[in-house]
Amino acid sequence: LDHQHILYGARTGNCLRAAVALEEAGLPHTIRKIALRRGEHKGAEFLAINPLGLVPALAVVDDSGGQTIITESNAIMFYAGEWAKDAHLLGVDLLSRAQVLERFFYFLTEAIAPSMAGFKLGGAGITDGARYCDAKIAESLTFADNFVRSNLFMAGERFSLADIAAYTIIAAHQEKLDWSVLPSLDAWFHRVGERPAVQRGMSAFN
Ligand SMILES: N[C@@H](CCC(=O)N[C@@H](CS)C(=O)NCC(=O)O)C(=O)O
């Protein structure tokens, strides 16, 4: 069964995580940029794809032209991970999968969710709240140095969805971290940043 994949998005953390996951999975897709600044995501054409008016959205188009839309960046990441069994983005067995999920949800709940909250607080003029979120994110990311002290990657010796979640949020906050005390995280950040699929995904919406 041949499916065509179209990723709708913009250069934001949620879209980049989805784009990197598709690239690491080796899942062929086309990119369709949505101009957030022009409000394209609130226009009728995009609302027909995602009525929430949010990116990313992945269209899975079948041979007869019917399409299924997957929204939520993390659902798109799991789709990519399941699609490419050989890429082992979700671990290789029950235990390694649990370890991938443990680290994936660490970055999602301890850094990415606070980052979304901070962004919204900042937009609402609640700058103390935004600053508090930023401090929490820096603390969580600093702790992550421990995760890669004796492993190549966040959930062990294999690259996984946990590394993708970590990489995009760390890239967004890299100027707020004291890298002099994060030697393992620094080495990991370069290791991941050198992956061609990560580079392609990170520049998908340029
Ligand atoms: N929970 C969603 C959040 C999606 C989301 O908030 N997307 C942002 C860009 S990162 C967006 O479309 N913002 C436009 C708006 O809020 O008007 C996900 O993880 O995909």
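Colleague: In which helix does Ser 184 lie?

Modeller: Ser 184 lies in helix H7, which covers residues 183–193; helices (H or I, at least four residues) and strands (E, at least two) are DSSP runs, numbered from the N terminus. This is a predicted model, in which local features need pLDDT of at least 70 and side-chain atom pairs count only at pLDDT 80 or more, while totals for chains, interfaces and linings use all residues. Residues are numbered from 1 along each chain as its sequence is written, and side-chain values use heavy atoms, with hydrogens and water left out.

Ser 184 counts as buried because its relative accessibility is 15%, where buried means under 20% relative accessible area, exposed over 50% and partly exposed in between, with a 1.4 Å probe and protein chains only. Setting aside neighbours within four places in sequence, Ser 184 is in contact (heavy atoms within 4.5 Å) with Asp 145, Val 148 and Arg 149. Leu 90, by comparison, is 94 residues from Ser 184 in sequence and 23 Å from it in space, C-alpha to C-alpha.

Helix H6 (residues 161–173) holds Thr 168, which is buried at a relative accessible area of 7%. A polar atom of the Thr 168 side chain lies 3.4 Å from the backbone oxygen of Ala 165. A polar contact is a pair of N or O atoms within 3.5 Å; within protein, one must be able to donate a hydrogen and the other to accept it, and residues adjacent in sequence count only if both atoms are side-chain atoms. Beyond its neighbours within four places in sequence, Thr 168 is in contact with Leu 16, Arg 17 and Met 202. Arg 17 is also touched by Asn 74, together with Phe 104 and Leu 108, when residues up to four places away in sequence are not counted. Asn 74 belongs to helix H3 (residues 73–83) and is buried, with a relative accessible area of 18%.

In the loop between strand E4 (67–71) and H3 lies Glu 72, whose phi is positive, about 75°, although this residue is not a glycine. A polar side-chain atom of Glu 72 is 2.7 Å from a nitrogen atom of the ligand. Ligand oxygen atoms are placed 3.0 Å from a side-chain N or O atom of His 41 and 3.5 Å from one of Lys 42. The protein covers 73% of the 510 Å² of accessible area that the ligand has on its own, areas being from the Shrake-Rupley method with a 1.4 Å probe, and for residues only the protein chains shown count as cover.

Among the residues surrounding the ligand are Thr 12, Asn 14, Val 55, Pro 56 and Met 116, a residue being near a molecule or strand if one of its heavy atoms lies within 4 Å of it. The peptide bond from Val 55 to Pro 56 is cis, with omega near 10°, and Pro 56 is in the loop between helix H2 (44–47) and strand E3 (57–61).

His 88 counts as partly exposed because its relative accessibility is 27%.
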